[in-house]
Amino acid sequence: MTTTERAVGSDVRRIDGPDKVRGRVPYAYEHELGAQSVFVAIVQSPVARGRVTSIDASAAEAVPGVLAVLTHENAPRLGDVAEEILVLQSPVVQYAGEPVAVVVAETSEVARDAVGRVRVDYESADPDVVLSVDRDDLYPPEQLMAGFETDSVIGDVDAALAEAPVTVDVVYETPNQHNNPIEMHATVARWDGDVLRMWDANQGPHNLVPVITEAFGITEDQLHITSPYVGGAFGSKAYTHVHQLLAGMAAKVTGRTVKLELTRQQMFSLVGHRTPTIQRLRLGARPDGTLTAISHEVVEHTSQNAEFAEQTATATRLMYSAPARRTTHRLAKLDVPAPTIMRAPGEAPGMYALESAMDELAAELGMDPVELRLRNEPDRDPERDVPWSTRNLVACLTQGAERFGWAGRDHRPGVREDGRWLVGTGVAAATYPTRRRPSQARIEAVAGKPYVVSIDASDIGTGAWTTLTQIAADALGVPMDQVRLRIGDSRLPQASGAGGSTGITSWGPAIMAAAQELHDRFGGQVPADGVTVTGSSGPGDEAEQLSSHAFGAHFAEVRVDRDTGEVRVPRMTGVFAVGRVINTVTARSQLLGGMTMGLSMALHEESVLDERRGHYANHDLAEYHIAANADVGEVDIAWVDEVDDAHNPLGAKGIGEIGIVGSAAAIGNAYWHATGRRVRDLPITPDKWFR
Amino acid sequence: MREFRYEKATDPAGAVALLADAPEGAYLGGGTNLVDLMRLGVATPDVLVDVRRLTSDQVEELPDGGLRIGAAVPNADLAADLRVRQRYPLLAQALLAGASGQLRNRATTGGNLLQRTRCTYFTDTTQPCNKRAPGSGCGAVTGLHRNHAVLGATDEGPDSPHTCVATHPSDLAVALRALDAEVRVLGRDGERTVAMADLHRLPGEDPARDTTLAHGELITAIDVPGLPWAVRSRYRKVRDRASYAFALISVAAAMDLDGSTVRDVRIALGGVAHAPWRATVAEDALRGGPATEEAFTAAAEAELAAAHPLPDNAFKVPMATSTLVRTLLQISAEARA
Ligand SMILES: Cc1cc2nc3c(=O)[nH]c(=O)nc-3n(C[C@H](O)[C@H](O)[C@H](O)COP(=O)(O)OP(=O)(O)OC[C@H]3O[C@@H](n4cnc5c(N)ncnc54)[C@H](O)[C@@H]3O)c2cc1C
Ligand code: SF4
């Protein structure tokens with residue numbers, strides 16, 4: 001290999017940026033496929049629990065331009081997946097917004113007009129949508145998402161709490177929340193003979209293959225999904241949802257290329273949400289701040305048809321040392337749509353609660369909350385009892401404190417004023433697991449031509465087009481313009497989806513392995529007639545032998561208007577230990593986006609379930625508030641020098657989710673420091689000042 | 001979404017004539033509210049008569065020192081008008097506190113006043129709503145009503161055809177209400193003037209009607225009377241985020257001080273009722289009295305004494321009270337400075 005300047009670690013700009021801003025690259029819905037497409041619109045149930053007693057589609061069918069109306073009476077029968085994804089297979093209705101019919105029409109306007117003409121009668125019962133700790137039907141799931149154990153118990157927690165000289169015992173609540181990527185979920189589908197072709201917005205085409213092949217009774221070879229550009233996802237595009245199956249059915253019935261794009265309102269019922277949580281935190285400590293007991297009990301919801309058990313308390317299993325410790329998760333099955341992944345599922349709500357409780361403990365102890373965390377730093381994973389591959393929380397806290405100007409902080413709450421503003425500061429720690437998933441890559445090399453690097457990776461706006469090109473260029477020892485990357489297609493070598501912050505750690509090493517193969521076999525000399533090599537990567541011994549996590553520390557300043565209850569966050573500092581940073585520009589964007597989403601979680605985001613009617617009542621962006629530009633103040637972002645070679649050959653850790661973890665707690669803690677009042681149920685909206 | 005015809009007239013009278021023959025038709029201003037509601041199936045006009053370029057888009061002087069605002073003046077232009085900013089700061093502030101830059105460029109003065117409520121049951125055709133589907137009941141009163149009315153609402157329970165607890169969302173309308181503006185309207189029978197006080201109505205027993213305008217009446221202009229002491233006025237909007245959100249509550253206020261005595265005062269509240277709420281009780285309590293925090297608090301509490309909050313919007317009463325007090329204090333401090 002020739003030596004070239006390394007691309008990894010540089011600040012190279014997004015290679016897909018210019019084409020995206022010029023509108024030259026197609027998102028799913030924009031694929032123009034020659035043949036005139038037809039359009040699908042969905043009829044949704046206003047009833048949350050009940051059954052369809054009759055459907056009269058005749059008025060809709062009579063509208064000129066309508067090609068078909070599918071209902072549970074005439075829709076194609078699908079395979080087993082219909083247990084989990086409710087897709088016109090039965091008259092039973094299990095959540096508000098469930099599709100009960102679809103209209104396929106020549107134009108989207110006609111399709112939407114006809115939706116209003118499908119007459120559906122229901123038999124309905126009162127929906128059960130309210131989560132509480134008093135429910136008698138709470139149950140422990142078999143296991144949690146990502147394979148975590150439901151509960152963990154070490155030592156005698158109750159005894160340790162009873163003996164502890166200083167304790168906190170507090171309950172935090174986080175609300176239902178919805179992913180709102182800017183690109184609505186969309187699928188274009190067509191059957192070419194017995195092959196289903198899809199252009200779809202998702203987080204990895206291979207993620208969808210098992211469910212879609214099962215649903216339509218086809219083999220992997222009969223399914224081809226293309227998804228090169230995706231306009232955000234946050235978890236809502238990780239799995240197959242009902243619309244992809246509806247599109248496949250509509251294409252089958254009409255024999256046409258169909259386009260289905262969800263409306264923003266439909267995204268509040270059809271593509272998942274973050275479960276609400278009720279979390280009881282009990283901490284016991286000695287007067288010097290040493291933790292003696294940690295108990296974190298979680299209650300959350302799931303749906304009637306599909307179980308999604310969020311791993312809310314799993315970060316508590318590793319954050320701090322304490323001899324006695326317990327985490328539990330209990331679920332209520334409610335008449336709600338299935339929850340799903342939303343950026344840092346588990347860690348985001350769970351660390352909000354743990355890091356708020358740590359702040360309350362620091363206040364009880366009269367201690368600096370940074371110092372309290374430093375004092376409970378474990379030298380090994382406290383529950384798995386294995387060494388860390390790298391753990392740099394201390395560096396994040398100390399460097400963050402330095403950058404933010406934490407030293408000399410008056411820890412008393414409610415004593416700083418600036419005009420009518422009450423002013424405070426807060427801190428919280430962050431963590432996110434470092435993992436890798438099985439992935440394969442292929443490199444085609446022809447002398448004198450750029451290398452073609454293929455992998456079914458997914459760029460959901462994160463910058464993967466750029467970072468994978470950097471990694472490939474370095475691995476091949478060539479400049480970036482000598483690499484042609486191909487991603488986002490189920491016919492490319494299988495790779496894990498963009499989720500769990502595993503993209504770089506999974507895809508990067510696969511590309512490096514393929515490059516190594518090329519090097520091992522041919523040295524620097526590519527054969528004149530060309531060659532194709534493959535490489536793969538996946539979890540190795542490190543998964544068992546080491547505990548691998550990214551860490552971080554958030555600091556925030558909060559101002560609260562004492563007349564109106566309005567909350568402002570003029571500045572935040574985030575310092576992270578995320579292994580090797582591949583691209584300083586896209587890394588900063590990920591952390592900035594995560595921190596902003598944490599601010600949004602702290603102050604704004606809440607999907608309100610109508611308890612009587614069972615639907616998410618504020619289902620659009622006028623009423624479901626996400627932080628606007630004016631809400632985001634100065635955001636200072638840094639990372640510590642860290643390379644985690646023990647985990648993967650890149651030395652990288654995931655970066656997509658850790659920014660949101662803990663940021664809401666830092667803001668909540670600063671709110672308390674400003675006002676002397678704890679708001680323990682997010683979001684901290686102005687009305688809560690007046691209770 | 002229903003198919004519709006799109007029509008343009010050559011003059012305001014022509015537009016009025018077009019709608020006179022179209023009982024299900026509607027005027028189209030900037031379309032920032034109407035088109036959204038059409039997409040949602042909430043508004044189903046069969047014909048749109050475009051009036052965005054039809055009425056005046058100018059702000060003109062009135063003999064009494066006031067201003068005549070053409071109905072087609074974009075919200076952004078009105079907020080930027082130097083005369084508006086100097087004579088009626090509360091008006092410019094109200095506009096700038098609303099929507100976003102892009103929307104304000106597009107939205108018209110006439111359309112702004114007639115925008116519909118943001119109640120999420122109103123905007124969802126699968127839900128009960130007496131305003132959208134008279135007689136279907138009110139979903140909000142037992143559901144999401146955190147940002148609904150605390151004053152002047154009709155609450156006879158969720159199933160009553162009279163119940164409506166919606167608020168009027170316009171910020172501009174609140175400022176114009178405080179300024180005693182008048183709306184000039186052209187109808188089939190000619191022109192008439194409607195005081196802002198009479199334009200928006202409380203739900204009473206007919207929540208479907210937002211205003212007293214008859215079908216097909218076209219707003220041509222808004223007259224804002226001269227009010228020299230409105231130079232000391234403010235619009236304070238409290239919302240869930242720093243920008244781009246509707247008011248939880250808002251206060252439009254102007255005050256005329258004689259030393260430390262309130263000579264005259266104008267107060268209107270937004271986000272609390274089905275119409276911009278003129279705080280006459282507070283005004284009467286303040287006029288001729290001292291400009292002190294105690295007096296402001298007593299007046300604000302007297303105004304809000306009539307409030308009937310729902311379980312989830314009770315915060316609006318103390319929020320409106322303290323925001324009103326603070327706004328009056330700021331105006332009086334400014335006057336003394
Ligand atoms: C995301 C978003 C946020 C917003 N935030 C705010 C906010 O914070 N504060 C706020 O005050 N507003 C806000 N708005 C609302 C915005 O101000 C209104 O949509 C806008 O002012 C309406 O003006 P328009 O010209 O677009 O009206 P259109 O949508 O064209 O019309 C509205 C109504 O007025 C009728 N109409 C229009 N012109 C006339 C006329 N000359 N005579 C008679 N009838 C007429 C139409 O038939 C229709 O019924 C927001 C809107 C959006 C979409
Ligand atoms: S408050 Fe008014 S607008 Fe809202 S649902 Fe009730 S009747 Fe409809």
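I count a salt bridge when a side-chain nitrogen of Lys or Arg lies within 4 Å of a carboxyl oxygen of Asp or Glu. The model is predicted, so I took local features at pLDDT of at least 70 and side-chain atom pairs at pLDDT 80 or more, while totals for chains, interfaces and linings use all residues.

Next I checked burial (buried is under 20% relative accessible area, exposed over 50%, partly exposed in between, with a 1.4 Å probe and protein chains only). B:R177 is buried at 13%. B:D180 is partly exposed at 34%.

Which residues are linked with this pair? I found a network of salt bridges joining B:R177, B:D180, B:D264, B:R266, B:R278, B:E283, B:D284 and B:R287.

I turned to chain A. A:E183 and A:K237 form a salt bridge, with 3.0 Å between the closest N and O atoms. A:E183 sits in the loop between β8 (166–174) and β9 (186–192), and A:K237 in the loop between β11 (223–226) and α6 (242–254), so the pair ties together parts 54 residues apart in sequence. Helices (H or I, at least four residues) and strands (E, at least two) are DSSP runs numbered from the N terminus. Both A:E183 and A:K237 are buried.

I also noted A:R559 with A:E557, a salt bridge at 3.3 Å, N to O. A:E557 is buried, at 12% relative accessibility.

Last, I searched the whole structure and got 69 salt bridges over all chains.

Technical notes. Residues are numbered from 1 along each chain as its sequence is written. Chains are lettered from A and ligands numbered from 1 in the order in which they are written. Side-chain values use heavy atoms; hydrogens and water are left out.
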